[in-house]
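This report describes the chain shown below, with attention to its annotated sites, its ligands and its domains.

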Amino acid sequence: MKRDLISILDLKAEDLEQIMQDAATLKTLRKEGKEHPVLAGKNLAMIFEKPSTRTRISFEVGMNDLGGHALHLNHKDMQLGRGEEVRDTARVISRYASGVMIRAFLHSTITEFAAHSTIPVINGLSDKEHPCQLLADIFTIREYFGSTEDIRVAWVGDGNNVCNSLILASGLTGMDLRVATPDGYRPDPAVVERGRTVGGKVTVFNSPEEAVKDAEVIFTDTWISMGDETQQAQRVKAFAGYTVDEALLKKADPDAIVMHCLPAHRGQEITDEVLDGPHSAVWDEAENRLHVQKAVLVNLLRT
Ligand code: CP
Ligand code: NVA
């Protein structure tokens, strides 16, 4: 039976723990320059409807490290771009590859693919979720704090895909999550409800100052996600006051770390001082995409 990673909630607590442990082992092996070709002969098809730096490179390098191969496929260069159906593409790719990673505008494209695919499907970002990012983020918090249990985590910014995965992960991780978003950009109440149903501690605040008070981790993300470019002016206006800057950071725990999935829009959601400053865990977070996704690949693709 194939296993997919489409939502962070596709993982049970024991799956998450296995991925975290495997990622730590794989990180050490890589730093020691030791080869670990457990996916020799495996191919990962990667379909992108949107641009990517981290997701593409970390999956491609990750497959290479594990002795396998990754194919970068821009959907416009495929027959998908001319209207071939997702379900037909899924059936065909299932005959060639060992797994598929998809970055799509619509979450339903990924679930439809998975419904017709016989190989594991990994969500590389949709309008609803970014589970691979969250796994790297959880791993990073564990590196800094030893655990995610009861860690006070603030989200400051748009309540969309990355925020959704963080909310849904709150039960799995035991984080004490405080979310601050402007009116009109709140997380979907159904997502908050689901996060709470699966045991998450999630509080939604009206102001960033309230959310970051004593926080040990501050998350932010772009105000203008891929696909939102036409709303740039209205979004910059709506998010005024939501910049993670030195003044906001001062309200958090003195040892707080700042996280951002990247790409950053310096001067909007985060200042240079914070992104480049001593509290920034952003570059470790970006590196950890590689180690954690390798662990995901090993767990899903190894036979
Ligand atoms: N954080 C993230 O997914 O980055 P990319 O868009 O560069 O893949
Ligand atoms: N929220 C951002 C995340 C990018 C990795 C977007 O959807 O563009």
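## Annotated binding site

UniProt positions are given in the numbering used here, feature names are shortened, and annotations may be inferred rather than shown by experiment. The structure is a predicted model, in which local features need pLDDT of at least 70, side-chain atom pairs count only at pLDDT 80 or more, and totals for chains, interfaces and linings use all residues. Residues are numbered from 1 along each chain as its sequence is written, while chains are lettered from A and ligands numbered from 1 in the order in which they are written.

In an unreviewed UniProt entry, the annotation "binding site" covers Asn161, Asp221, Ser225 and Met226. These residues span 66 residues in sequence, yet no two of their C-alpha atoms are more than 11.6 Å apart, so they gather at one spot.

## Asn161 and Ser225

Asn161 belongs to helix α6 (residues 161-173); helices (H or I, at least four residues) and strands (E, at least two) are DSSP runs, numbered from the N terminus. Ser225 lies in the loop between β8 (217-220) and α9 (232-238).

Burial is judged by counting other C-beta atoms, placed from the backbone, within 10 Å of a residue's own: 20 or more make it buried, 12 or fewer exposed, and a count in between partly exposed. Asn161 counts as buried because it has 22 C-beta neighbours inside 10 Å. Ser225 has 17 such neighbours and therefore counts as partly exposed.

Two residues are in contact if their C-beta atoms, placed from the backbone, lie within 7 Å. Not counting residues up to four places away in sequence, Asn161 touches Leu125, Ser126, Asp127, Lys128, Glu129, His130 and Ser225. With the neighbours within four places left aside, Ser225 is in contact with Asp158, Asn160 and Asn161.

## Ligand surroundings

A residue is assigned to a ligand's surroundings if its C-beta atom, placed from the backbone, lies within 6 Å of the molecule. Ligand 2 is surrounded by Leu125, Asn160, Asn161, Val162, Asp221, Thr222, Ser225, Met226 and Cys261. Around ligand 1 are Ser52, Thr53, Arg54, Thr55, Leu125, Gln133, Cys261, Leu262 and Pro263.

For residue classes, Ala, Val, Leu, Ile, Met, Phe, Trp, Tyr, Cys and Pro count as nonpolar, Asp, Glu, Lys and Arg as charged, and the others, Gly among them, as polar. The shell around ligand 1 has four nonpolar, four polar and one charged residues. The shell around ligand 2 likewise has four nonpolar, four polar and one charged residues.

## Strands β8 and β9

Strands β8 and β9 pair in the parallel sense over four bridges; pairing requires that DSSP finds at least two bridges between two strands. Phe219 has Met259 in β9 as its bridge partner.

In a regular strand the side chains alternate between the two faces of the sheet. Both faces of β9 (residues 257-260) are covered, with Ile257 and Met259 buried on one side and Val258 and His260 buried on the other.

## Domain arrangement

The domain assignment gives domain 1 (8-129 + 286-301) and domain 2 (132-282); such bounds come from an automatic or database domain assignment. The shell around ligand 1 draws at least three residues from each of these domains. Taken over C-alpha atoms, the centres of domain 1 and domain 2 are 24 Å apart.

Across the boundary, 27 residues of domain 1 are in contact with 19 residues of domain 2. On the side of domain 1 that touches domain 2, the elements giving two or more residues are α1 (13-31), α2 (54-65) and α12 (282-301). Helix α12 gives the most to that side, with six residues.
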